[in-house]
Amino acid sequence: MQPKIRERGFLDGQFLIAMPSMFDANFARTVIFVCAHSEDGAMGFVLNRPQRLTFPDVLLHLQLLDPDEAIRLPSTAREFQIQAGGPVETGRGFVLHSDDYLSDSSIPVSDDICLTATLDIVKAISRGEGPVKATMLLGYAGWGPGQLESEIVNNGWLTCPAREELIFSRDLDEKYDQALALIGVSSAMLSPDAGHA
């Protein structure tokens, strides 16, 4: 099965790393994986915010599981990580995953990472048949036309190519510093003030 092909924007597959000047509580000290970027705007997922819901909670809410069946879920499903993906449509679930799982609704967002937002992947994960690497995110981060570019110019974000191991890392508390390390920066080195020549 071939995934849907779409033209990629220059920020697709990049990390956005919040600068100290980012005072919006939704994005302070966040790492965001940009999945779609075009002249129409951008969409991405916060990768380092925990979510109180568990995967069995999601299955129960979607009525894909009876309460007495939760104990019989494969351990990979019981322990499957759910994260808060952003402030937009927080009741909607998305699965970022490795490209070893594809359905008609899977969209490639980089060479090795796909996005699926349909029940088929949720059901596959619940049976222990999902992708090797995956994380579910509730909600997303979105920007209108030119908004993200403006925030980058105004010292709101650093950018760098995304790394798969960081996307799927379960250590949410360390992701911010690990993302900064990818570009040779520590949080102590960052200034909240933009430099202008």
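Predicted model: local features only at pLDDT ≥ 70, side-chain atom pairs only at ≥ 80, totals over all residues.

Reader: Let's start with β2. Is it buried or exposed, mostly?
Author: Strand β2 covers residues 31-38, and six of its eight residues are buried, so the rest of the structure largely encloses it.

Reader: Which strands does β2 pair with?
Author: β1 (residues 14-18) pairs with β2 in the antiparallel sense over three bridges, with F15 facing F33 as bridge partners. β3 (residues 41-46) is also antiparallel to β2, over six bridges; there V34 is partnered with G44.

Reader: And how many residues sit between β2 and β3?
Author: Two, and the pair of strands forms a hairpin.

Reader: Switching topic: how many salt bridges are there?
Author: Five. One of them joins E164 and K133, at 2.7 Å from N to O. That pair links distant parts of the chain, 31 residues apart: E164 is in helix α5 (residues 164-167), and K133 is in the loop between α3 and β8.

Reader: Are E164 and K133 buried or partly exposed?
Author: E164 is partly exposed at 23% relative accessible area, and K133 is partly exposed at 36%.

Reader: What about E89?
Author: E89 forms a salt bridge with R92, with the closest N and O atoms 3.7 Å apart. E89 is partly exposed at 41%, and R92 is partly exposed at 38%.

Methods. Residues numbered from 1 in each chain as written. Heavy atoms only, no water. Buried < 20%, exposed > 50% of the residue type's maximum accessible area, 1.4 Å probe, protein only. Helix = DSSP H or I, 4+ residues; strand = E, 2+ residues; numbered from the N terminus. Pairing = 2+ DSSP bridges. Salt bridge = Lys/Arg side-chain N within 4 Å of Asp/Glu carboxyl O.
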